[in-house]
Amino acid sequence: MPETTEDLGSTTLPGTALVREVAPSGSPATDFSVALLAEFVSLGVRDIVLSPGSRSQALALAAAEFERLGLLRLHVRIDERGAGFLALGLAIESGRPALVACTSGTAVANLHPAVLEAHHSVVPMILLTADRPAELRGIRSNQTTVQPGIFAGAVRLSEDVAAPDGSVGESDTAIALARLAYATALGTQTNNPGPVQLNLAFREPLSAAVELEAVALEAGAADAVLPGRPDAAPAVATGPPLPLPPGPRTVVVAGAGAGPAAEQLARLAGWPLIAEVSSGARFGPNLVVAYRELLGDADFGGQVQRVIVFGHPTLSREIPALVLRDDVETIVVAPAGLEWYNPGHRVARFVRAVAATDEAIVVAGTREARAWAGRWVMASRSILAQDTELDAPAFNTHGLSKAEFAAMKAPVTRAMLADAVWRASWPHDRLVLGASRLIRELDTRVTGKKIPVHANRGLAGIDGTVATALGIALASQAGAHPLSTGTTRLLVGDVTLLHDAGSLLIAPGEVRPRLQVVVGNDGGGTIFDGLEVAATAAPSAIDRVLFTPQQVNLEALATAYGWDYARAATRSTLESALTAPVARPTLLEVPLAR
């Protein structure tokens with residue numbers, strides 16, 4: 001595949017034939033794989049992530065043929081854990097599930113972290129896990145374990161598919177399976193998108209040479225062609241939104257994945273908006289940045305009577321504490337998914353949508369209502385104004401005073417790094433935040449800005465963060481009309497980077513996206529320094545088992561994987577690095593004090 005993004009064409013309606021085999025392959029495994037992938041392409045799948053292996057070779061070789069025809073983007077990764085998270089990132093950005101194909105045995109188990117994140121984040125994903133046929137199971141055959149049900153309740157569907165033997169109708173079986181998996185992953189009937197597993201048994205011959213050719217669409221089928229986004233989308237509950245009247249002193253909370261609906265409600269109803277940095281709602285006139293301090297204040301948080309929660313709040317203890325109060329009514333809003341945010345089982349109502357009543361919108365314009373939201377916003381701004389690090393010099397250094405020049409040469413702090421990355425990101429970019437101290441640093445300080453921000457907050461783990469960002473970058477920059485014309489930036493700590501260092505490997509010939517991985521390197525897991533354990537455990541024990549110090553040469557790591565490398569130790573070099581054009585994957589190391 002060339003090192004540029006390609007337009008893979010339009011999405012067609014389900015059932016449209018796109019390819020056919022030039023001649024029967026002689027391998028039932030290959031013929032079944034071709035029929036399966038052809039139907040997935042017909043349904044709208046555009047990406048397949050593949051890890052190498054013997055048992056999955058029919059899927060792999062068929063995928064290569066689909067890539068040759070320009071019908072699939074093929075991403076080859078040697079580590080299944082990274083492959084799973086790459087598929088997660090592709091789906092997060094594109095809105096359509098990616099396929100993940102792997103061989104049998106531990107390869108399947110390595111998909112589990114990504115499956116769990118997709119499950120809890122309600123992200124579609126389709127796993128094609130190759131397996132031994134029934135006669136080779138339970139006899140200690142090599143690379144054989146119990147794969148059906150291996151993901152337990154984290155998948156929406158787990159089908160154990162018998163090995164094809166060339167019988168009549170097997171292509172119809174493959175088509176039916178693809179349709180079932182695709183619809184289930186998108187949650188079209190259940191309103192619960194997520195990962196699905198097709199566990200595909202294959203017998204020898206495990207593959208045969210396969211040659212496909214594209215099939216022209218039938219007359220009139222051009223009307224069925226749909227550009228851009230997928231032709232199927234997750235189902236949304238069709239019931240009327242819960243009407244929200246005025247009255248109780250209300251705040252709107254937007255957790256991860258909340259989206260702009262939270263901001264719209266807060267603005268229309270005149271309520272303070274508490275929006276986490278990864279919520280997709282951190283903008284607007286009612287945004288309250290310093291919410292931690294205000295929720296703990298009796299004159300602010302103590303006056304709250306009702307809270308409307310969107311998304312999944314994970315970045316503070318103050319939000320669940322608010323929900324747990326006896327004098328606060330909590331309404332949780334989730335358009336999709338079957339798991340509900342419910343600290344202490346204290347939430348009063350769970351709904352798919354809400355809407356401010358006409359009366360609430362009218363009341364929002366009154367002096368009393370404006371005062372409720374206004375005092376939160378002004379108090380938050382006052383708290384932020386006390387932070388001198390927000391008064392950073394402009395990027396242009398011409399004519400600086402000695403004091404300003406000294407500030408530009410000052411060592412980078414976490415607050416400085418958070419501010420600089422936020423300022424450098426715009427709507428045509430993508431910002432991905434790892435699970436470290438840095439996402440919390442941004443959450444406590446950065447002001448409103450309507451930019452795309454992503455973070456794996458379903459389980460808030462550090463697994464696969466680099467791979468997720470790569471998937472987001474690849475999906476956003478693909479096609480003739482890319483969703484993003486800018487740069488994808490990933491902000492992570494050093495431990496998060498090293499945990500997923502293998503995902504830095506991009507195979508020769510594959511697309512290398514405009515991705516800048518910004519690593520705040522403080523030599524270990526300093527997030528533990530801020531937890532209660534730091535006040536009770538011996539410093540040496542904390543260092544050994546929690547801080548886990550590291551001295552990896554990140555420049556050598558970047559060079560080993562073929563990435564560009566830069567280092568920014570001062571404010572001026574950091575801002576220069578963040579505003580410079582990014583043409584290929586780049587690792588930017590930012591040294592930080594513990």
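Predicted model: local features only at pLDDT ≥ 70, side-chain atom pairs only at ≥ 80, totals over all residues.
Residues are numbered from 1 along each chain as its sequence is written, and side-chain values use heavy atoms, with hydrogens and water left out.

**View 1. An open sheet of six strands in the order 3-2-4-5-7-6, with parallel pairing.** Strand 3 (73-76) and strand 6 (157-161) are the edge strands; each has a single partner strand, so one side of each lacks a neighbour in the sheet. On average, neighbouring strands are turned by 15° against each other, direction ignored. Strands (E, at least two residues) and helices (H or I, at least four) are DSSP runs numbered from the N terminus, and two strands pair if DSSP finds at least two bridges between them. Strand 6 runs parallel to strand 7 (residues 195-201) and is joined to it by five bridges. Within this sheet, L157 stands opposite V196 of strand 7.

**View 2. Helices 3 and 6 lying across strands.** Helix 3 (residues 80-94) lies across strand 2 (47-50), strand 3, strand 4 (99-102) and strand 5 (125-131), at about 165° to strand 2. Helix 6 (residues 170-186) lies across strands 5, 6 and 7, at about 165° to strand 6. Axes are lines fitted to C-alpha atoms, for helices over the stretch in contact, and angles run from 0 to 180 degrees between N-to-C directions. Contact means heavy atoms within 4.5 Å.

**View 3. The packing of helix 13 (residues 414-424) with helix 19 (residues 571-579).** The two axes are 10 Å apart at an angle of about 25°, which makes helix 13 roughly parallel to helix 19. Angles under 35 degrees count as roughly parallel, over 145 as roughly antiparallel, 65 to 115 as roughly perpendicular and the rest as oblique. From helix 13, M416, L417, A420, V421, R423 and A424 meet R571, L574, E575 and L578 of helix 19. Seven residues of this contact are nonpolar, none is polar and three are charged.

**View 4. Strand 18 (residues 488-493), mostly covered.** Six of its six residues are buried (under 20% relative accessible area, with exposed over 50% and partly exposed in between, for a 1.4 Å probe and protein chains only). T488, L490 and V492 point one way from strand 18, while R489, L491 and G493 point the other way. Strand 16 (residues 430-433) pairs with strand 18 in the parallel sense over four bridges, and L433 stands opposite L491. Strand 19 (residues 515-521) also pairs with strand 18 in the parallel sense, over six bridges, and V519 in strand 19 is the bridge partner of V492.

**View 5. S278 in the loop between strand 11 (273-275) and helix 8 (291-295).** S278 counts as buried because its relative accessibility is 5%. Apart from its neighbours within four places in sequence, S278 is in contact with A256, G257, V453, A455 and R457.

**View 6. Helix 5 (residues 112-121) and its buried residues.** A114, V115, E117, A118 and H119 are buried. Helix 3, strand 5 and strand 7 are among the elements that cover them. V122 follows helix 5 and has a positive phi, near 60°.

Technical notes: Nonpolar A, V, L, I, M, F, W, Y, C, P; charged D, E, K, R; others polar.
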